Amino acid sequence: MDFKKISIICIVIFFMASMSGCVNEGTTTEKTFENIDFESDVVKLDNANLAFIKDDEEYGSVRSVELKYFLHNPHNRYVTFVVNVVFYDVNGHELYSNEPYTYKDFPAKYTEPNLKYTSDPTILIDGSMARAVDHVMITAYEKIE
């Protein structure tokens with residue numbers, strides 16, 4: 001009888017120890033934005049908007065897709081990083097990849113202006129590709145010089 005108790009306790013301890021290492025890593029943003037995935041270990045996504053612009057609001061097809069995003073540097077130092085933006089269809093096929101953009105010496109604790117107060121350039125896709133867009137992936141990684 002003691003052998004059964006010891007065996008059960010060992011199995012429970014083994015199970016708990018094996019599950020304790022299961023932690024998600026790679027995402028650095030606590031906020032979620034509809035149809036926008038973000039992955040970075042250097043900056044956070046502060047605000048983002050993916051707008052599907054239609055010919056007719058109720059029945060029209062998508063004429064263009066417009067992406068605006070704003071980043072935040074949570075570190076106590078200047079960072080230089082590269083941002084890649086890729087648009088995907090519903091099946092996960094890449095439709096369009098924007099030219100990688102380098103932010104040089106992004107200030108410590110700095111957040112780009114909010115969406116409502118800025119007219120910063122956006123990433124815009126027109127035509128037949130815009131109709132197929134389902135979601136976008138923004139990836140930022142530090143550039144060590």
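**Exercise 1. Placing Val85**

In which strand does Val85 lie? Then decide whether Val85 is buried or exposed, and list its contacts beyond its sequence neighbours.

*Solution.* This is a predicted model.

- Step 1. Val85 lies in strand E4, residues 79-88.
- Step 2. Check the cover. The relative accessible area of Val85 is 2%. Buried means under 20%, so Val85 is buried.
- Step 3. Set aside neighbours within four places in sequence. Val85 is then in contact with Leu67, Tyr69, Tyr96, Ser97, Asn98, Ile123, Val136, Met137 and Ile138.
- Step 4. Take one of these contacts, Leu67. Leu67 and Val85 are 18 residues apart along the chain, and 9.5 Å separates their C-alpha atoms.

**Exercise 2. The partners of E4**

Find how many residues of E4 are buried. Then work out how E4 pairs with E8, E6 and E5.

*Solution.* 

- Step 1. Eight of the 10 residues of E4 are buried, which leaves the strand mostly covered.
- Step 2. Start with E8, residues 135-142. Eight bridges link E8 to E4 in the antiparallel sense. Val83 faces Ala140 of E8 as its opposite residue.
- Step 3. Go on to E6. Its pairing with E4 is antiparallel, over four bridges. Here Val82 has Thr102 as its bridge partner.
- Step 4. Finish with E5, residues 94-97. E5 and E4 are antiparallel too, with three bridges. Tyr96 in E5 stands opposite Phe87.
- Step 5. Look at the hairpin of E4 and E5. Five residues lie between the two strands, and Gly92 has a positive phi near 85°.

**Exercise 3. An open sheet**

In what order do the three strands of the open sheet stand, and why does one side of E2 and of E7 lack a neighbour?

*Solution.* 

- Step 1. The order is E2-E3-E7, with antiparallel pairing.
- Step 2. Strand E2 (44-54) and strand E7 (123-126) are at the edges. Each has a single partner strand, so one side of each has no neighbour in the sheet.
- Step 3. Count the bridges. E2 and E3 (residues 62-72) are joined by 10 bridges.
- Step 4. E3 and E7 are joined by four bridges. Ser64 stands opposite Asp126 of E7.
- Step 5. Compare the faces of E7. Ile123 and Ile125 make up the covered face, while Leu124 and Asp126 make up the uncovered one.

**Exercise 4. Aromatic rings**

How many aromatic pairs does the structure hold? Classify the pair Tyr101 and Tyr103, then the pair Phe106 and Tyr110.

*Solution.* 

- Step 1. There are six aromatic pairs.
- Step 2. Tyr101 and Tyr103 are 4.9 Å apart, centre to centre, with 85° between the planes; the pair is edge-to-face.
- Step 3. Check their cover. Tyr101 is partly exposed at 48% relative accessibility, whereas Tyr103 is buried at 13%.
- Step 4. Phe106 and Tyr110 have ring centres 5.4 Å apart. Their planes stand at 75°, so this pair is edge-to-face as well.
- Step 5. Phe106 is buried, at a relative accessible area of 5%. Tyr110 has 35% and is partly exposed.
- Step 6. One aromatic cluster is made of Phe81, Tyr101, Tyr103, Phe106 and Tyr110.

**Exercise 5. Positive phi in loops**

Which loop holds Asn35, and which holds Lys109? Give the phi of Asn35 and of Lys109.

*Solution.* 

- Step 1. Asn35 sits in the loop between helix H1 (2-19) and strand E1 (36-40). Its phi is positive, about 65°, although Asn35 is not a glycine.
- Step 2. Asn35 has 31% relative accessibility and counts as partly exposed.
- Step 3. Lys109 sits in the loop between strand E6 (101-106) and E7. Its phi is also positive, near 60°, in a residue other than glycine.
- Step 4. Lys109 counts as partly exposed too, at 48%.

**Exercise 6. The whole chain**

How many helices and strands are in the protein chain, and what percentage of its residues count as buried?

*Solution.* 

- Step 1. The protein chain has two helices and eight strands.
- Step 2. Read from the N terminus, the elements run α-β-β-β-β-β-β-β-α-β.
- Step 3. The protein chain has 145 residues, and 31% of them count as buried.
- Step 4. Take contacts between residues at least 6 apart in sequence. Of these, 66% join residues at least 24 apart.

Key
Residues are numbered from 1 along each chain as its sequence is written. This is a predicted model: local features need pLDDT of at least 70, side-chain atom pairs count only at pLDDT 80 or more; totals for chains, interfaces and linings use all residues. Side-chain values use heavy atoms; hydrogens and water are left out. Two strands pair if DSSP finds at least two bridges between them. Buried means under 20% relative accessible area, exposed over 50%, partly exposed in between (1.4 Å probe, protein chains only). Contact means heavy atoms within 4.5 Å. Rings of Phe, Tyr and Trp (its six-membered ring) pair if their centres lie within 6.5 Å; planes under 30 degrees apart count as stacked, over 60 as edge-to-face and the rest as tilted.
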